[in-house]
Amino acid sequence: MRIVKLAALFLSVSAASYAQESVQKFLVSPEHPKGGEEITITYDAVDGPLVNAKNVDGVIYTYDNFKWHADDISLKSAGDKKWQTKVKLSDHASLISCVFKSDTIKDNGGKMTYSWILEKDPGAYMGWGFLRTPDLQDEVPNIVHDSAYIGREVSLFWINNELKYHPESRTHLFFEGAKLKQLKTGEAQPQLIKREVRFVLGEKKLDNVTQYNIQKTIGLMAQPEHKVFADSVQNVLLKKYPYGVWARDIEIKKIFFETDFEKKVALYNAFEKNFPQSKFQDVVTDTESLYYDKMFKGIAYTYIVKNKDFNYAINSVKKVSFNLLVDYAWHLVSIPFHRDQDGIEKTSLETLKRYADVIIPEMENRETFVPKEFVGKLSPKEWQQKTLQMAFREYFTYANLLEIFENYDLSKKYLEKIKPIMQYNDASFNEVYSRMLLREGKNAEVKAYLENAAKINNITPTSIAILKKMFVDGGKKEADFESYFESLKANTNEEHKNKLIAELINLPIGDFDMESNRGGHVKLSDQKGKIVVLDFWAMWCGPCKNAMPGMNMAVNKYKEDKNVQFYFVDTQEYIKDFKAQTQAFIKEKGFDFTILYDSKNPKTGKYDAVYENYANAFHFSGIPQKMVIDQNGKLRWMSNGYFGSPSELADELSIIIEYLKSENK
């Protein structure tokens, strides 16, 4: 039965016109399919967003036995902008709805949707109503266009149709019905809720979803007015289902809020035995979403902090969520790796690789099946795309580790895996990927790749050196490289220049007097007639150090210009020998920087007096913080943070400096 006919009858619109539109855009054959049958879906892309598509795929959402399922489909051209695919329906399919795609463009059918009712199976009418009800979007695939949404009265109409033709559906729609009735009338519905909850509790055996729907339904009742009834229902649930959904929620919160670590671990061990995850794969409660991962993470990380014991976390990778796996990869591998590479804190790379060798393959394994919280909402392909978005930086860390240990083949695998997300857009990735190509002797590809990276100004000094060598090896003059390199960035730089100039300010700024690593002190008031660039940083600050290759490019560009001074203000340090560590760091990196040591704050005793003074005056916080002061001693430009591109940072400073120079001509 076509949905458009039912909808048209209820909404008093022309059934013929909607039917004609449906025939043109979306057809299912046979017209009255049954669960378990193979159907042919025809999609007509004419006049739609996919009219010029070369390939079309999509997702079919099926409502079966009161549960949503999402499956990928691939369509073949049938000529005249029509696309077709064959699908075997699940045994109890009662409603299907399709979204068609080509690359990043989607077509969900707009107001009418691409949906089909199989009205003989329970769930058909309620599924059709729920899908288009804004108040229930957390309960269904969020796939329809806003124009397809229906009012609460219409939603209740479809619920009533469901009860009329499939009265056995009552135990599957009572929560949604009560919620919509309450929202529609604007009045509490205690009598309706009590009646429906009592009816459902009278059933012999309730599945997990129904148990949870009872919890949600009594949650609709005002408290404390109906607390006695709510408590009695919860007691019944605990008595009938001592290891059910409500009992599980209670234990999750109990473990989360337990402050004694030994007790917390003992409670969790009992919980794992009494409430195995395998028995709750069909339900996700609000309590679980809010507390479960935090509960487990609290135990795993306490073992690390308290006992330096990483084994609990590493041994748990098979049972934790994908979110927690990514969290493990970040905290146990990426953070210490970056701190090591940035010279903040040395660590054993062998240990990091050992952890990553366990965590990363499990992350990849999880890409192959959709976790319960996304079942029916994301198809397998969509879930894979989501996992890559969540984890690509952890895969990149692993690729870097593998390169260090000369496992080049596996490193390449992960670089290629994340290339669709990171290529050209991340300067560090561009450098590592180019090194991989160089090892394989693909010099022409390296040159093309780095030229593209330069065009969007995401390139490191190392990558520039590679490109320069190729330029010279190709028979070009070294003196001509700078103009060649700048020509690659011409379009990007002009647009960026206009944006930066528009950000210029002109504010008075207070003086400073700070100790220099070159001996003596430096005062801002002594710099009149010069452009001064200040970079506030610290040894413990990873982003500060990541920005230094770009800062070094700018320093080198103006090293012969005595009217441009760069000062790197070491601030907020808390260790006793920070000056020695600072000197060792810049020597190791080969930076010829003038370091100024922030003065002691008379109010706090911390080494942040100048930083705090400027932060309060100009309303910023955090480091790295860059400030450019013109020849007249006025603050002209500020920038907070670091966004990953050394070449772009160097160009930003160059644009500002050259503009300030031009003002004084």
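Colleague: A disulfide is a pair of cysteine sulfur atoms within 2.5 Å. How many disulfides does that rule count?

Modeller: One disulfide. Keep in mind that this is a predicted model. The bond joins cysteine 541 to cysteine 544, with 2.3 Å from S to S.

Colleague: Which hand does the link of cysteine 541 and cysteine 544 have?

Modeller: The link is right-handed, with 80° about the S-S bond.

Colleague: Are those two cysteines buried or exposed?

Modeller: Buried, both cysteine 541 and cysteine 544. Cysteine 98 is also buried, because its relative accessibility is 1%.

Colleague: Let's look at glycine 542. Where is its place?

Modeller: In helix α22, which covers residues 542-557. Glycine 542 counts as buried because its relative accessibility is 13%, and the cut-off for buried is under 20%.

Colleague: What does glycine 542 touch, leaving out residues up to four places away in sequence?

Modeller: Asp342 and Ile344. There is also tyrosine 642, 100 residues apart from glycine 542 along the chain. The C-alpha atoms of glycine 542 and tyrosine 642 are separated by 9.9 Å.

Colleague: Switching to helix α15. What span should its 25 residues have?

Modeller: At 1.5 Å a residue, α15 (residues 380-404) should span 36 Å. The C-alpha atoms at its ends are 33 Å apart, which agrees.

Colleague: Where does α15 bend?

Modeller: At alanine 391, by about 60°. Just after α15, glutamate 406 takes a positive phi of about 60°.

Colleague: Which other residues have a positive phi although not glycine?

Modeller: Lysine 308 has a phi of about 55°, and tyrosine 424 has a phi of about 70°. Most residues other than glycine have a negative phi. Lysine 308 is in the loop between α11 (286-307) and α12. Lysine 308 counts as exposed because its relative accessibility is 66%. Tyrosine 424 is in the loop between α16 and α17. Tyrosine 424, at 22% relative accessibility, counts as partly exposed.

Colleague: Which residues are joined by a cis peptide bond?

Modeller: Serine 29 and proline 30 are joined by one, with omega about 0°. Glutamine 223 and proline 224 are joined by another, with omega about 5°. Proline 30 lies in the loop between β1 (26-29) and β2 (38-44). Proline 224 lies in the loop between α7 (208-218) and α8 (227-240).

Colleague: On to charges. How many salt bridges are there?

Modeller: The count comes to 39 salt bridges. One of them pairs lysine 318 with glutamate 362, the closest N and O atoms being 3.0 Å apart. That pair links distant parts of the chain, 44 residues apart. Lysine 318 sits in the loop between α12 (311-314) and α13 (322-341), and glutamate 362 in helix α14 (residues 349-366).

Colleague: Is lysine 318 buried or exposed? And glutamate 362, buried or exposed?

Modeller: Lysine 318 counts as exposed, because its relative accessibility is 65%. Glutamate 362 counts as buried, because its value is 5%.

Colleague: Back to α15 for a moment. What does arginine 393 form a salt bridge with?

Modeller: Aspartate 426, the closest N and O atoms being 3.4 Å apart. The pair again links distant parts of the chain: arginine 393 is in helix α15, and aspartate 426 is in the loop between α16 (408-422) and α17 (427-439). Arginine 393 is partly exposed at 44% relative accessibility. Aspartate 426 is buried at 15%.

Colleague: How far apart are glutamate 658 and lysine 661 in helix α25?

Modeller: Three residues, about one turn of the helix. Their side chains meet in a salt bridge, 3.8 Å from N to O. Residues three or four places apart point the same way, because an α-helix has 3.6 residues a turn. Glutamate 658 is partly exposed at 36%, and lysine 661 is partly exposed at 24%. Elsewhere, salt bridges that share partners join Glu364, Glu367, Lys413 and Lys417 into one network.

Colleague: Last topic, packing. How many residues are in the largest nonpolar core?

Modeller: It has 77 residues. Tyr268, Tyr328, Leu332, Ile359 and Met363 have the most contacts inside it. Helix α15 gives the most to this core, with 10 residues. A second, separate core has 56 residues, including Met539, Val564, Val628 and Leu653.

Colleague: What does leucine 332 touch, leaving out residues up to four places away in sequence?

Modeller: Among them are Tyr301, Phe310, Leu352, Tyr355 and Ile359.

Key:
Residues numbered from 1 in each chain as written. Heavy atoms only, no water. Helix = DSSP H or I, 4+ residues; strand = E, 2+ residues; numbered from the N terminus. Expected span 1.5 Å × (residues − 1). Bend = angle between axes of the 7 residues up to and from the residue. Buried < 20%, exposed > 50% of the residue type's maximum accessible area, 1.4 Å probe, protein only. Contact = heavy atoms within 4.5 Å. Salt bridge = Lys/Arg side-chain N within 4 Å of Asp/Glu carboxyl O. Core = buried A, V, L, I, M, F, W, Y, C linked by side-chain atoms within 4.5 Å.
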